[in-house]
Each structure stands twice: as C-alpha cells, then as structure tokens.
Amino acid sequence: MRTDDAYGACVAITRQQARNFSYGIRLLPEPKRDALSAVYAFARRIDDIGDGDLSPEVKLKGLEDARTDLRSVEFGLDAGSGDPVLLALADATRRFDLPLDAFDDLIDGCRADVLGVEYGSFPALRKYCQCVAGSIGRLSLAVFGSPDRARDEPVADDLGVALQLTNILRDVVEDLDNGRVYLPTDELERFGCTLDRDAHGAFVDDTENLLALLEFQAARAYEWYERGLRLLDVLDGRSRACCAAMAGIYHRLLTRMALRPSLVLRGRTGLPDWEKAFVACVALMGGAP
C-alpha cells in the first residue's frame, strides 16, 4: 500500500468520526493534517476497543494487541501488513518524532474504563484525564511543532485535561447508562449526591445539589483551559488555528453547560455544525477560544 493511500484512509476516518476535532485538523497544511489524522485514527481504534460491546476479556486482549502494533511501529517492524493506519502512523512518526509512549498512556486509560475503575478524588481523575487526553495533547504538539517540546508538553497535557473534563461533564448520563462514573467520589459525597436514578431514569437526589456539583465541575474545567490555552502562544499560525478551533469548540460547549447545567442531566449536549464551523473560521482568522 502506498503511503499516500494510507494517509487518505486516516483522513477519511477522521472526517467521518472526529465530530469536533476534524474542524481544526482541516486547517493544517497537508503534511501536518495527514500526520494528525494518523494519530487520531489509531487513537480512535484504541477507544473503539474499550467502548465496544465485546466482553471485558476480549477488550483487554484487543488493547494489548494494539500495544503490540504500537511496538511494531516504534521499532520499525512490518507496520501491520498493509494496515493503512499503522503504515501512516509509522511514516508520521519518522517525520514528526511522535512520542509513541503517549499511546501507551491512552491504552492504560482505556484499560481502566474496561475494568470499571472509579475515582475517589480529583488527583486520581486527573491522572486518568492525562492518560486518555493529555496523551493526545502531547502527540498533537509533536505534529504542531514547538521551540521547546520539553517545556511545552506539560501545557499540552493541561489542555488535554481540560478537554476531557468537558467530555466527562457532557457525558454524565451516557456514562451512567454504560455503568461508568467519572465524577470523584469524595466530591459526590461533599455535595450530597449519589447519581442514583429511579425506574424512569430520573435522578433521585436533590436537583439543586446535582446542579451545584455540575457547576463546580465546570468551574474546574475553565481553570484547566486557562492553563492549557497558553499553548497557543508557542504555535505557528496554522497550528495555532487548528488548536484554537479544537479547543474553542469544546470551550464553547463547556460554556453552554455551565450556563444551563440542567442540560447535562437530560443527556449529551452538543453544538450544531454551523457553530463548529463558525468557531473554526474565527480560529483561522486568529481569534482565541
């Protein structure tokens, strides 16, 4: 398989499945767009293993198989016998010196999902967020380029945590339906919440307590955006636009939930396509999230 065809397959996966990130990725010049699409496509593969309908044992085996594929890319072995995602990822690694160990963090985070890990405190949740989203921040930074990667990786990590905290807030109901709780246990207790629901799916706890808890989570996410968005200052124009568009869409989503936290209790909140496109246009013109 030709490398161009492999990248084309990754770009197609990204446009079909990256409902928010694709708006920013399209703003990159072709070499960076291809590389970041390869990163997304492999990350999507890992996420799909963890989120699928297979048994936990099969999921865990699939995640370890993904780790084996990662090692084949890392050590320059046969990249998947024609697997377009692995072929593109191997080429992107050579071009941009991707920190492939970041994918190991993502796999570890997905393992925690499969195992049903709950988080007793925010430091434990933060570590999870750094695994599943901070890792993508570090990989993205390698594609974007920076004058000092060692200095800027922690900032990219912070932005990843902000995005994941937004996801967690957005998906409270959906995660509960899948048997997952990401809100820290000690904070649920502090706000007098259990997230228990009746037979009709309605929350049984005092609604005001739940809304206060969600407002608290949103305020924390804003603090992580404030730290993470410093990354924009070190990126070149098109990379900045890409990062600002991706972060801007999530930041706008967070604002919607912060203003109306009751939306969170009704199910997944999203932005219409026109609004995502508007955020991307503003980012391309140099605007901030």
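This report covers helix packing, the nonpolar core and selected residues of a predicted model.

## Basis of the model

Residues are numbered from 1 along each chain as its sequence is written, and side-chain values use heavy atoms, with hydrogens and water left out. Because the model is predicted, local features need pLDDT of at least 70 and side-chain atom pairs count only at pLDDT 80 or more, while totals for chains, interfaces and linings use all residues.

## Helices α7 and α8

Helix α7 spans residues 122-144, and helix α8 spans residues 149-170. Helices here are DSSP runs (H or I, at least four residues), numbered from the N terminus. The two pack at an angle of about 120 degrees, with axes 6 Å apart. Axes are lines fitted to C-alpha atoms over the stretch in contact, and angles run from 0 to 180 degrees between N-to-C directions. α7 and α8 are therefore oblique to each other. Angles under 35 degrees count as roughly parallel, over 145 as roughly antiparallel, 65 to 115 as roughly perpendicular and the rest as oblique.

The crossing of α7 and α8 is right-handed. Right-handed means that the near helix is turned clockwise from the far one by less than a right angle; anticlockwise is left-handed. The contact of α7 with α8 has twelve nonpolar, six polar and six charged residues. Ala, Val, Leu, Ile, Met, Phe, Trp, Tyr, Cys and Pro count as nonpolar, Asp, Glu, Lys and Arg as charged, and the others, Gly among them, as polar.

## Helices α3 and α5

Helix α3 (residues 30-51) crosses helix α5 (residues 84-96) at roughly 130 degrees. Their axes come within 9 Å. That makes α3 oblique to α5. The crossing of α3 and α5 is left-handed.

On the α3 side, the contact residues are Pro 31, Lys 32, Ala 35, Ala 38, Val 39, Ala 41, Phe 42 and Arg 45. They meet Val 85, Leu 86, Ala 88, Leu 89, Ala 92, Arg 95 and Phe 96 in α5. Contact means heavy atoms within 4.5 Å. By class, the contact of α3 with α5 holds twelve nonpolar, no polar and three charged residues.

## Helices α8 and α12

The axes of α8 and α12 come within 10 Å and cross at roughly 40 degrees. The crossing of α8 and α12 is left-handed. From α8, the contact uses Leu 159, Leu 163, Thr 166, Asn 167, Leu 169 and Arg 170. From α12 come Cys 243, Ala 247, Tyr 250, Leu 253, Leu 254 and Met 257. The contact of α8 with α12 divides into nine nonpolar, two polar and one charged.

His 251 also lies in helix α12. At 18% relative accessibility, His 251 counts as buried. The cut-offs are under 20% relative accessible area for buried, over 50% for exposed and partly exposed in between (1.4 Å probe, protein chains only). Beyond its neighbours within four places in sequence, His 251 contacts Tyr 222, Tyr 225 and Pro 289.

## The nonpolar core

The largest nonpolar core has 99 residues. Such a core is a set of buried Ala, Val, Leu, Ile, Met, Phe, Trp, Tyr and Cys residues joined through side-chain atoms within 4.5 Å. Phe 42, Ile 46, Leu 89, Leu 98, Phe 103 and Leu 125 touch the most other members. Outside four places in sequence, Leu 98 contacts Val 39, Leu 89, Ala 92, Thr 93, Leu 139, Ala 142 and Val 143.

Leu 106 is found in helix α6. Leu 106 is buried, at 1% relative accessible area.

## Loop residues

Asp 97 sits in the loop between α5 and α6 (101-115). Its phi is near 50 degrees, a positive value in a residue other than glycine. Asp 97 is exposed, at 52% relative accessibility. Leu 195 also has a positive phi, about 65 degrees, and is not a glycine. Leu 195 lies in the loop between α10 (185-190) and α11 (207-228). Leu 195 is buried, at 8%.

Phe 191 is in the loop between α10 and α11. Setting aside residues up to four places away in sequence, Phe 191 touches Asn 209, Ala 212, Leu 213 and Phe 216. Thr 269 belongs to the loop between α12 (237-259) and α13 (273-284). Thr 269 is buried, at 8% relative accessibility. Residues up to four places away in sequence aside, Thr 269 touches Arg 170, Leu 253, Arg 256, Met 257, Leu 263 and Val 264.
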